[in-house]
Amino acid sequence: MRCIQLDDRNLCKLFGKPERPKVCHNFKACPDVCGDNNAKALENILELERLT
Ligand code: SF4
């Protein structure tokens, strides 16, 4: 499910704000999850959800 805080450019509307969830702040982008483009990131996330 797409986060309601994403804007039309897939940028976080809470970025840099104190109300941004700690789990988001702590997540560090990595190629295994994010790939090198949006389509690959979505593919990886779907696969992770399928496996867990
Ligand atoms: S960083 Fe967190 S709050 Fe911001 S869009 Fe992503 S999941 Fe949503």
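**Reading the largest pocket**

Me: In this predicted model, α3 supplies six residues, the largest share of the lining of the largest pocket. What counts as a pocket, and what as a lining residue?

Reply: Rolling a probe the size of a water molecule over the atoms shows where empty space is left. A pocket is an open set of points on a 1 Å grid over the protein atoms alone, where a 1.4 Å probe fits, with protein on both sides within 12 Å along at least five of seven lines; lining residues have an atom within 4 Å of a point. Of its 23 lining residues, C3, L6, N10, F27 and I45 are the closest to the centre. Two or more lining residues come from each of α1 (22-26), α2 (31-34) and α3 (38-51), helices being DSSP runs (H or I, at least four residues).

Me: What takes up the space of the largest pocket?

Reply: The ligand does; more than half of its atoms must lie within 2 Å of the grid points. Around the ligand (a heavy atom within 4 Å) are C3, Q5, L6, C12, R20, P21 and C24. This shell holds five nonpolar residues, one polar and one charged.

Me: Is N44 buried or exposed?

Reply: N44, in helix α3, has a relative accessible area of 13%, so N44 is buried (under 20%, 1.4 Å probe, protein chains only). Its side chain reaches the backbone oxygen of D32 at 3.3 Å.

Me: Which conventions apply to numbering and confidence?

Reply: Residues are numbered from 1 along each chain as its sequence is written, and side-chain values use heavy atoms, without hydrogens and water. Local features need pLDDT of at least 70 and side-chain atom pairs 80 or more, while totals for chains, interfaces and linings use all residues.

Note on methods: Nonpolar A, V, L, I, M, F, W, Y, C, P; charged D, E, K, R; others polar. Buried < 20%, exposed > 50% of the residue type's maximum accessible area, 1.4 Å probe, protein only. Polar contact = N/O pair within 3.5 Å; in protein donor to acceptor, adjacent residues only side chain to side chain.
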